[in-house]
Amino acid sequence: MFRLDGKTIAVIGAGSGIGQAVALGVAQQGGHTLCLDINPVNATATADLIGKAGGSAAAGAIDIADEVSVRDALADALRGRGGLDGLVCTPAINVRKTILTYTGEEFDRVVRVNLRGNFNVLQAAGHLMVQQKSGSIVLFSSIRSLVTEPGQSVYSMTKAGIVQLVRTAATEWGQLGVRVNAVGPGVIETPLTAPIKAQPAWYQAYADKTPMKRWAQASEMAGPTVFLLSDAASYVTGTILFADGGWLANDGRFTPPGM
Ligand SMILES: NC(=O)c1ccc[n+]([C@@H]2O[C@H](COP(=O)([O-])OP(=O)(O)OC[C@H]3O[C@@H](n4cnc5c(N)ncnc54)[C@H](O)[C@@H]3O)[C@@H](O)[C@H]2O)c1
């Protein structure tokens with residue numbers, strides 16, 4: 001019930017980090033994987049990796065911030081295929097600055113990819129899936145949708161926005177056979193978080209805050225995402241699946257003596 005054999009799944013952001021790991025995971029479960037990214041060289045490299053491992057994949061370019069690009073890229077990728085069974089969208093950007101120093105240009109840049117971009121993708125995939133009356137869409141939120149820290153204002157705001165976007169889409173399309181969910185990662189080692197890893201005290205503080213006492217590898221986000229795409233999640237919609245090593249369960253102030 002977790003297999004994706006015979007399904008066509010688009011993975012946007014497949015050129016790096018979690019998107020690449022998810023693309024590999026989808027292919028491992030038998031899905032035909034459409035690897036899309038703003039960086040087509042990296043998307044092709046992911047599709048090549050899948051091909052070398054005996055899986056089925058194609059690659060293409062997409063800019064989620066541009067709705068024409070989204071529509072065209074999905075149409076191109078789906079040419080000759082039966083339909084779109086699943087879609088995963090991972091791209092997001094972050095500008096870590098305090099509220100008092102954030103510029104309007106930085107605000108617009110982050111919101112344009114993280115909110116408008118995800119909306120563009122959700123809308124384009126929704127048009128296709130509502131028509132075929134089936135499909136599963138997985139967006140990427142974050143623990144930052146619920147808890148935050150200094151310097152994460154706009155990023156956190158967009159990750160909370162993804163939650164309500166997912167919930168609204170689930171309510172609009174549930175009766176039409178289309179499920180919409182999000183994964184909410186904790187701290188994952190990817191190029192996005194490389195600046196944290198480069199500062200040992202910061203990196204260790206995040207590991208210490210996590211009940212599992214470690215960061216995740218990107219490959220550990222593939223299982224939760226494949227679950228949401230698969231028939232194992234046939235009654236799951238409108239939910240945020242936090243894969244955070246227990247981060248949100250732990251207030252982290254103090255561990256009582258002897259515990
Ligand atoms: N890494 C973490 O610790 C972490 C934690 C919580 C949430 N997340 C979320 O997980 C998702 C994936 O993060 P990641 O760490 O893999 O990031 P990443 O930066 O490693 O990868 C993002 C990919 O998206 C692509 N991309 C960027 N802008 C694009 C655009 N406009 N159109 C198409 N593709 C574009 C990039 O080329 C890149 O391949 C993000 O939504 C992020 O917010 C990550």
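## Basis

In this predicted model, local features need pLDDT of at least 70 and side-chain atom pairs count only at pLDDT 80 or more, while totals for chains, interfaces and linings use all residues. Residue numbers start from 1 along each chain as its sequence is written. Helices (H or I, at least four residues) and strands (E, at least two) are DSSP runs, numbered from the N terminus.

## The sheet

Seven strands form an open sheet in the order E3-E2-E1-E4-E5-E6-E9, with parallel pairing. E3 and strand E9 (240-243) are the edge strands; each has a single partner strand, so one side of each lacks a neighbour in the sheet. From one strand to the next, the twist averages 20 degrees. Two strands count as paired if DSSP finds at least two bridges between them. Strands of a sheet pair through backbone hydrogen bonds, either parallel or antiparallel.

Asp-37 has Ala-61 of E3 as its bridge partner. Between these strands the chain passes through helix H2 (residues 40-52), and this β-α-β crossover from E2 to E3 is right-handed; that is, with the strands pointing away from the viewer, the path from the first strand over the helix to the second runs clockwise. Strand E3 (residues 57-61) is mostly covered, with four of its five residues buried. Buried means that 20 or more other C-beta atoms lie within 10 Å of the residue's own, exposed means 12 or fewer, and partly exposed lies in between, with C-beta atoms placed from the backbone.

E1 is mostly covered, five of its five residues being buried. Thr-8, Ala-10 and Ile-12 point one way from the strand, Ile-9 and Val-11 point the other way, and all are buried.

E1 runs parallel to E2, with five bridges between them, and Ile-9 is opposite Thr-33 in E2. A right-handed β-α-β unit is made by E1, H1 and E2. E1 also pairs with E4 in the parallel sense, over four bridges; there the bridge partner of Ile-9 is Gly-86.

## Val-88

Val-88 is in strand E4. This residue counts as buried because 32 C-beta neighbours lie inside 10 Å. Its contacts, leaving aside neighbours within four places in sequence, are Ile-9, Val-11, Ile-12, Val-22, Val-138 and Thr-225. A contact requires C-beta atoms, placed from the backbone, within 7 Å. Val-88 and Val-22 are 66 residues apart in sequence, and their C-alpha atoms are 8.4 Å apart.

## Ligand shell

The ligand has 29 residues around it, and Ser-16, Gly-17, Ala-92, Thr-190 and Leu-192 come nearest. A residue is near a molecule if its C-beta atom, placed from the backbone, lies within 6 Å of it. Helix H1 (17-28) and helix H4 (104-132) each supply at least two residues of this shell. H1 gives the largest share, three residues.

By class, the shell has 15 nonpolar, 12 polar and two charged residues. Ala, Val, Leu, Ile, Met, Phe, Trp, Tyr, Cys and Pro count as nonpolar, Asp, Glu, Lys and Arg as charged, and the others, Gly among them, as polar.

## Two loop residues with positive phi

Most residues other than glycine have a negative phi, and most peptide bonds are trans. Lys-133 has a phi near 60 degrees, a positive value in a residue other than glycine. Lys-133 lies in the loop between H4 and E5 and is exposed, with 11 other C-beta atoms within 10 Å.

Lys-213 likewise has a positive phi, near 60 degrees. Its place is the loop between helix H7 (200-209) and strand E8 (216-217). Lys-213 is exposed, with 11 other C-beta atoms within 10 Å.

Conventions
Axes fitted to C-alpha atoms, helices over the stretch in contact; angles between N-to-C directions. Contact = placed C-beta atoms within 7 Å.
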